[in-house]
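This report describes one protein chain in plain terms.

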Amino acid sequence: MQIKQHIPNAITLLNLSSGLLAIIAIFKGYYDEAFLFVCLGIFFDFWDGFFARKFKVSGELGLQLDSLADVITSGVVPGLMMFKLLLDIQEDDTSMYYLTEDYYYMGFVPYLGFIITLASAYRLAKFNIDARQTDSFIGLPTPANALFIMSIPMIQFDGSHEWVVDALFNPFVLLAISLVSAYMLNAEIPLFSLKVKEFSWKKSKLQFSFLALSALLLLFFGFTALPIIILFYVALSVLNNTILAKN
């Protein structure tokens with residue numbers, strides 16, 4: 001029984017470790033590795049709660065540790081990623097976008113990427129004290145938002161859709177994404193939980209359907225599918241809320 005008590009927290013620490021490795025990868029310019037580490041962290045974040053419920057060892061320690069890990073993997077990492085993307089544009093093509101300090105102190109613009117980190121931390125703090133979010137979410141979950149942000153450099157370097165790539169190399173588009181991201185994290189929009197509590201079609205058909213369709217989108221559209229999946233998640237949640245309200 002003692003070993004079972006520590007398994008969920010150990011998995012949570014693997015989530016945190018993945019976030020730390022993602023930070024190092026970003027600083028080294030290995031954005032693809034950072035993306036993979038965030039995906040790995042989200043994978044661990046999916047399973048820690050599952051095993052806590054499975055072994056009936058859920059507790060306040062696990063809840064707090066999970067939030068601390070998510071602040072790093074799904075808060076600090078995407079904020080840092082946005083900072084680096086904006087900084088790269090600033091260093092590579094300052095004449096087009098006037099982002100240096102020579103132009104009305106516009107050198108501060110990359111730091112605005114950390115709006116994502118601040119909004120993520122605020123969202124996680126609200127989640128811990130919001131009794132409405134035991135079985136669903138209010139606002140975009142931080143892991144989903146992190147995956148969205150981390151997909152940006154992957155889409156940039158993939159180059160499959162030129163107009164999308166051009167847009168994502170525009171700092172004003174990236175700033176708009178940061179602001180929308182911060183809003184969606186804390187918006188009063190009920191979203192269904194992506195965590196599967198039981199491997200039962202009857203109880204988790206919405207999650208299974210969403211995951212299956214997401215896999216198909218990834219298969220056909222690659223990294224470009226990730227933002228589409230996030231938008232589909234929000235739209236499906238709104239539709240599900242409407243159906244439940246009518247029943």
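The protein chain has 10 helices and two strands. Helices (H or I, at least four residues) and strands (E, at least two) are DSSP runs, and they are numbered from the N terminus. Along the sequence, the elements of the protein chain follow the pattern α-α-α-α-α-β-α-α-α-β-α-α.

This is a predicted model, in which local features need pLDDT of at least 70, side-chain atom pairs count only at pLDDT 80 or more, and totals for chains, interfaces and linings use all residues. Residues are numbered from 1 along each chain as its sequence is written, and side-chain values use heavy atoms, with hydrogens and water left out.

Of the 247 residues in the protein chain, 45% are buried. Buried means under 20% relative accessible area, exposed means over 50%, and partly exposed lies in between (1.4 Å probe, protein chains only).

How are H1 and H3 placed relative to each other? Helix H1 (residues 2-28) packs against helix H3 (residues 60-92) at an angle of about 15°, and their axes are 9 Å apart. H1 is therefore roughly parallel to H3. The axes are lines fitted to C-alpha atoms, for helices over the stretch in contact, and the angles run from 0 to 180 degrees between N-to-C directions. Angles under 35 degrees count as roughly parallel, over 145 as roughly antiparallel, 65 to 115 as roughly perpendicular, and the rest as oblique.

The axes of H2 and helix H6 (residues 142-158) come within 9 Å and cross at roughly 155°, so H2 and H6 are roughly antiparallel to each other.

H1 passes H3 in a left-handed crossing, and H2 passes H6 in a left-handed crossing as well. A crossing is left-handed if the near helix is turned anticlockwise from the far one by less than a right angle, and right-handed if clockwise.

**Single residues**

Thr-73 lies in helix H3. Its relative accessibility is 0%, so Thr-73 counts as buried. Leu-175, in helix H8 (residues 171-186), also counts as buried, because its relative accessibility is 16%. Phe-46 belongs to helix H2 (residues 31-54) and is partly exposed, with a relative accessible area of 21%.

Some residues are separated along the chain but have C-alpha atoms at the distances listed here.

| Residue pair | Separation in sequence | C-alpha to C-alpha distance |
|---|---|---|
| Thr-73 and Asp-45 | 28 residues | 9.6 Å |
| Phe-46 and Asn-15 | 31 residues | 9.5 Å |
| Phe-221 and Ser-160 | 61 residues | 8.8 Å |
| Leu-175 and Leu-86 | 89 residues | 8.5 Å |

**A surface patch**

Which residues make the nonpolar surface patch? Leu-213, Leu-216, Leu-219, Phe-220 and Phe-221 make a patch of about 540 Å². Patches are made of residues with over 30% relative accessible area and no salt bridge; like charges are joined within 9 Å, and nonpolar side chains (Val, Leu, Ile, Met, Phe, Trp, Tyr) within 5 Å. A salt bridge is a side-chain nitrogen of Lys or Arg within 4 Å of a carboxyl oxygen of Asp or Glu. Accessible areas come from the Shrake-Rupley method with a 1.4 Å probe; for residues, only the protein chains shown count as cover.

Leu-216 is in helix H9 (residues 201-221), and Phe-221 is found in helix H9 too. Leu-216 is partly exposed, with a relative accessible area of 45%. Phe-221 is also partly exposed, at 40%.
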